Amino acid sequence: MKPAYPRPDTTPPAPLQGDGRIDVVVHCGFAVLMVASGVRYVMRHSAADNLWTMALAGAVCVLYAATALLARRAGAQPTPWLPWTMALLGAWAVLVVAAPSFAWCSFAIFFLGRSALSGWAAYVAGGVTAAATAVGLFRMSDWTDVAMVLGPLAAAALLTLIYDKIERDAALQRRLLADVSQAQEQLAASERAAGIAAERERVSREIHDTVTQGLASSLLLLEAAQRSWPEASARDDLFKATDLLRRNLADTRSLVHELSAPGLETGPLAEALEHAARQYVESIAVHVTGDPRPVPPEVRHTLLRVTQSAAANIKLHAGARNASITLGYLPDAVTLDVYDDGRGFDPAAVRPPSAAGGYGLRAMRQRVHRLGGELSVESSPGEGTIIAAQLPLTGSSTGSATGSNLSTGSNSDTKGSP
């Protein structure tokens, strides 16, 4: 059964920042005032009065120490110190009424009751402390000075308002800190998720531009050898397929070991591009315009992968007789043009990426845009194709994934390449 009336919430509020120093000041103040009040009382009263009063004062000190110690150690469990707090308030009320000289210690009793209790139990403790002090002081004035009654009550009301304001501000601070901590955790989780997604996208581009393209070209060569077997051309196709598979295996091993590209870190860029393109189009020519100079590794890597993907599309889909690569050095950028005179296509009509393929152009665009560059595709049926990329050599190395001034077909593949 539920109780007829709710039980008081005696769980103390969470300690505020700096509470340790405040508690030390309050406890030290209580000790000093108790000693001073005891000396004052002994000097003004007889030995018979002193005996019982000082014994009661000693009991109050013991109860105060026990309550303070239990309230500090027990954490969120209210039961250990609740009986001690009630006993302290009762002993204190008797002491201050019998010996008003100890009235100054009421401030420490008030703060201890508020820190040890919460809810209406804390207000009751503060009220009992103020009422007992008022009665004691009023008795000391021979029941004539009303100010002795009103003073402790007004001080208790003022201290209650101040303490409540501090508790509200502390609770707000804790909520804000909790919100900030939660927001930081959510931000960290979002960053981890974004990093994982970016890494997956990067790996998918690497696999497409190396393993997928190489296997597709090898498959075409093997199919051609099967159709022409046992003619001499079949052996040539088998040799080319074997050589391409070996290179593909080397690329796969490079992916396993930090996804590095052969010839990327060392050697002239034009030679690295020619090596990448001739895995798919043996007769492709490479031209260089401008003054060659070193470019950042991420730019070299992107140019190499774009060249590989474009050359694979020429091999698989263009049916071109001639193909060429032009590498251009501008004052603050590097350009790459991959041209073929093949059958061409309508960039706006190619299929979107799917399980059957269509990731080549999308991967090219993502690579170029990530470095703040631009990629365009110029083609029409029967007129060949030009894939042009421009990458900056200065400024930010990251760019928008949806840059402007690009040709149509930004989310599809050239010639439907895999």
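Modeller: Valine 128 is partly exposed, its relative accessible area being 33%. Please bear in mind that this is a predicted model.

Colleague: In which helix is valine 128 found?

Modeller: Valine 128 also belongs to a nonpolar surface patch, together with Trp120, Tyr123 and Val124. The accessible area of these residues together is about 390 Å². The helix that holds valine 128 spans residues 120–140 and is H5.

Colleague: How many helices and strands are there in the protein, and what share of its residues count as buried?

Modeller: The protein has 10 helices and five strands. It exposes about 22600 Å², with carbon and sulfur atoms supplying 62% of that area. Of its 418 residues, the share that count as buried is 40%.

Colleague: Among contacts between residues at least 6 apart in sequence, what percentage join residues at least 24 apart?

Modeller: A contact here requires heavy atoms within 4.5 Å. Among the contacts between residues at least 6 apart, those that join residues at least 24 apart make up 75%.

Colleague: Why is helix H4 described as largely enclosed by the rest of the structure?

Modeller: Helix H4 covers residues 106–116, and the buried residues in it include Ile109, Phe110 and Leu112. Arg114 is also among the buried residues of H4, with a relative accessible area of 3%. H4 is largely enclosed because, of its 11 residues, the number buried is eight.

Colleague: Which residue forms a salt bridge with arginine 114?

Modeller: The closest N and O atoms of the pair are 3.6 Å apart, which falls within the 4 Å cut-off for a salt bridge. The partner lies in helix H6 (residues 147–228) and arginine 114 in helix H4, so the bridge ties together parts that are 53 residues apart in sequence.

Colleague: Which residue is linked with Arg114 and Glu167 in a network of salt bridges?

Modeller: The structure holds four salt bridges. The residue that is linked with Arg114 and Glu167 in a network is Asp164.

Colleague: What separates aspartate 169 and lysine 165 along helix H6?

Modeller: The side chains of aspartate 169 and lysine 165 meet in a salt bridge, at 2.7 Å from N to O. Both are partly exposed, aspartate 169 with a relative accessible area of 38% and lysine 165 at 41%. An α-helix has 3.6 residues a turn, so residues three or four places apart point the same way. Since aspartate 169 and lysine 165 are four residues apart in H6, their separation is about one helical turn.

Colleague: Which residue forms a salt bridge with glutamate 274, and how far apart are the closest N and O atoms?

Modeller: Glutamate 274 counts as partly exposed at 25% relative accessibility. The partner is arginine 278, and the closest N and O atoms are 3.0 Å apart.

Colleague: How many disulfides does the structure hold?

Modeller: A disulfide requires cysteine sulfur atoms within 2.5 Å. The sulfur of cysteine 61 is 7.8 Å from the closest cysteine sulfur, that of cysteine 105, and this is too far for a bond. Cysteine 61 is partly exposed, at 31% relative accessible area, whereas cysteine 105 is buried, at 0%. The number of disulfides is zero.

Colleague: With which residues is serine 37 in contact, leaving aside its neighbours within four places in sequence?

Modeller: Serine 37 is found in helix H1 (residues 19–44). At 5% relative accessibility, it counts as buried. Apart from those sequence neighbours, serine 37 is in contact with Ser101, Phe102 and Cys105.

Colleague: What distance separates the C-alpha atoms of alanine 234 and leucine 222?

Modeller: Alanine 234 lies in helix H7 (residues 232–256) and is buried, with a relative accessible area of 0%. Leucine 222 is 12 residues away from alanine 234 along the chain. The distance between their C-alpha atoms is 8.3 Å.

Terms used. Residues are numbered from 1 along each chain as its sequence is written. This is a predicted model: local features need pLDDT of at least 70, side-chain atom pairs count only at pLDDT 80 or more; totals for chains, interfaces and linings use all residues. Side-chain values use heavy atoms; hydrogens and water are left out. Helices (H or I, at least four residues) and strands (E, at least two) are DSSP runs, numbered from the N terminus. Buried means under 20% relative accessible area, exposed over 50%, partly exposed in between (1.4 Å probe, protein chains only). Accessible areas come from the Shrake-Rupley method with a 1.4 Å probe; for residues, only the protein chains shown count as cover. Patches are made of residues with over 30% relative accessible area and no salt bridge: like charges are joined within 9 Å, nonpolar side chains (Val, Leu, Ile, Met, Phe, Trp, Tyr) within 5 Å.
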